[in-house]
Amino acid sequence: MNFFKKILAAALTVITTMSIHVTEALSAKKNFNSTVMHKMEVTSEDGGGKLLFSDSPEYVKENGILYSDIVEGDCRILFYHLNESGVNKRLAVVVENVYDGFNTVDITRGAIGEPSEDYLKVGKSVQTQYMSKNFHSSLYMLRGDKKLLVDEISSYLMRPGQLIYGVYDFYAAHPVRVSVMMYPQAADPISFINRAKVLAKDEYRLRGTFEGMNRKITATKKYNSERDGIMYIMLADDVNDKFKLGIDATDGSEVKNVGNYGINYELEIETETPTRICLTPLGGVYAGAMRIKYNDNEKVIETPKGRIYFGEKTPKEPESVRKAREEGLSLLTTYTELAELGNYFGMVNFQYSPPGASNLPVDIVLMPQEESK
């Protein structure tokens, strides 16, 4: 710990020109005369069914199957692809019943963004929709049947340079093959998939099947602002919050979900004092949404609220600052961009998922609630 205190001291020297970001909030509290934040200790547990993640090749230049695997039970599929073919295309998610008998697939939740060259806008739209609502539709399938998971997906025309991004939760009573496919705009997807080839992954290899599509993070103790000061919980940094490992079913290779895209987080925090909670991006521009349950009420908050994205003003961290943050000490400065998640006292539950097109990691920051003026 002494080593990292020295690192933090060096980092503080580098940014001595930065003023305190939360001066007014801290001035009324005892022992809050610095911008130092401490990491909050949490437990992490994965559960739920399988995540199918299709993001490679991200820039698609030809028709074909982008990802495919056989699954059953609770599942989630996330697709994120850009049309780089030079001509109009469509994307479909095709479900084939590979069970020797009658099968059902129930779609319970999902969202898709209208294709656009504004990738952050698409990412935020999908996250806001997904966090805001559930729905229900079903597929009834005989042996060998192929059907579209959701008709709306293939209804969109993807012009060159446009992104299509969607995420859907479903339950398959028996095994089904689920395939994400890009195809010609005038073709019938059910017919086309019979002759479609599996496309090679790109260098980033962001596709695969991952066990445990949900992650629950729980603070190990109640937060007390007078005792604990400013604290933070790190998400999707692959140090404190590990990235999921899975298998690319198209070739059997091991893959890493860099960013944990498609993983649904449930954060459970209990406070003993009135607490202000914020989200701050650490990796660059960011646009998302979170669902919050508090006092038996639920609401969705966009991050940030009032504009599409934020994080573009956050300077790149020096290596010493990054290492100190990973080990448990961080800084809150005038350059820290915050999206307000609200003020809370007692138990609060956040639902979060890393949004497509955004940069990671992020911090969830807890601090004294600002007093009314």
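Tutor: Buried means under 20% relative accessible area, exposed means over 50%, and partly exposed lies in between. The model discussed here is predicted.

Student: How does Glu 270 count, with its relative accessibility of 28%?

Tutor: Buried needs a value under 20%, and exposed needs one over 50%. Glu 270 has 28%, so Glu 270 counts as partly exposed.

Student: With which residue does Glu 270 form a salt bridge?

Tutor: The closest N and O atoms of the pair are 3.7 Å apart, and the salt bridge cut-off is 4 Å. The partner of Glu 270 is Lys 222.

Student: How many residues apart in sequence are the parts that Glu 270 and Lys 222 tie together?

Tutor: Glu 270 lies in strand S16 (residues 264-270). Lys 222 lies in the loop between strand S12 (214-219) and helix H6 (225-228). So the pair ties together parts of the chain whose separation in sequence is 48 residues.

Student: Where does the salt-bridge partner of Arg 227, Glu 272, lie?

Tutor: The side chains of Arg 227 and Glu 272 meet at 3.6 Å, N to O. The pair links distant parts of the chain, 45 residues apart. Arg 227 is in helix H6, and Glu 272 is in the loop between S16 and strand S17 (275-281).

Student: Is Arg 227 buried, partly exposed or exposed?

Tutor: Exposed requires over 50%. Arg 227 has a relative accessible area of 49%, so Arg 227 is partly exposed.

Student: Are Asp 169 and Arg 76 buried or exposed?

Tutor: Their side chains meet in a salt bridge at 2.7 Å, N to O. The pair links distant parts of the chain, with Asp 169 in strand S10 (residues 163-184) and Arg 76 in strand S5 (residues 64-83). Asp 169 and Arg 76 are each buried.

Student: How many salt bridges does a search of the whole structure find?

Tutor: The pair of Asp 169 and Arg 76 is a salt bridge, and so is the pair of Glu 270 and Lys 222. A search of the whole structure gives a total of 25.

Student: Which residues touch the most other members of the largest nonpolar core?

Tutor: This core has 48 residues. Ile 364 is in contact with Met 231, Leu 267, Cys 278 and Met 290, among others, leaving aside residues up to four places away in sequence. The residues that touch the most other members are Leu 235, Leu 279, Phe 350, Tyr 352 and Ile 364.

Student: How far from Leu 279 is the C-alpha atom of Pro 115?

Tutor: Pro 115 lies in strand S7 (residues 103-116) and is buried, with a relative accessible area of 8%. Not counting residues up to four places away, its contacts include Tyr 156, Met 158 and Ile 164. Along the chain, Pro 115 and Leu 279 are 164 residues apart, and their C-alpha atoms are separated by 27 Å.

Student: Which strands stand at the edges of the open sheet of six strands?

Tutor: The order is S20-S1-S13-S23-S17-S21, with mixed pairing. An edge strand has a single partner strand, so one side is left without a neighbour in the sheet. The edge strands are S20 (329-331) and S21 (339-344).

Student: Which residue in S20 is the bridge partner of Val 36?

Tutor: Strand S1 (residues 36-39) runs antiparallel to S20, and three bridges join them. In S20, the partner of Val 36 is Leu 331.

Student: Which backbone oxygen lies 2.7 Å from a polar atom of the Thr 275 side chain?

Tutor: Thr 275 is in strand S17 and is buried, with a relative accessible area of 0%. Leaving aside neighbours within four places, its contacts include Tyr 223, Tyr 344 and Gln 369. The backbone oxygen belongs to Thr 273.

Student: Which residue takes a positive phi in the hairpin of S14 and S15?

Tutor: S14 (residues 245-248) and S15 (residues 253-256) pair in the antiparallel sense over four bridges. Asp 248 has Ser 253 as its bridge partner. Between the strands are four residues, and the one with a positive phi, near 80°, is Gly 252.

Notes
Residues are numbered from 1 along each chain as its sequence is written. This is a predicted model: local features need pLDDT of at least 70, side-chain atom pairs count only at pLDDT 80 or more; totals for chains, interfaces and linings use all residues. Side-chain values use heavy atoms; hydrogens and water are left out. A nonpolar core is a set of buried Ala, Val, Leu, Ile, Met, Phe, Trp, Tyr and Cys residues joined through side-chain atoms within 4.5 Å. Buried means under 20% relative accessible area, exposed over 50%, partly exposed in between (1.4 Å probe, protein chains only). Contact means heavy atoms within 4.5 Å. Helices (H or I, at least four residues) and strands (E, at least two) are DSSP runs, numbered from the N terminus. Two strands pair if DSSP finds at least two bridges between them. A polar contact is a pair of N or O atoms within 3.5 Å; within protein, one must be able to donate a hydrogen and the other to accept it, and residues adjacent in sequence count only if both atoms are side-chain atoms.
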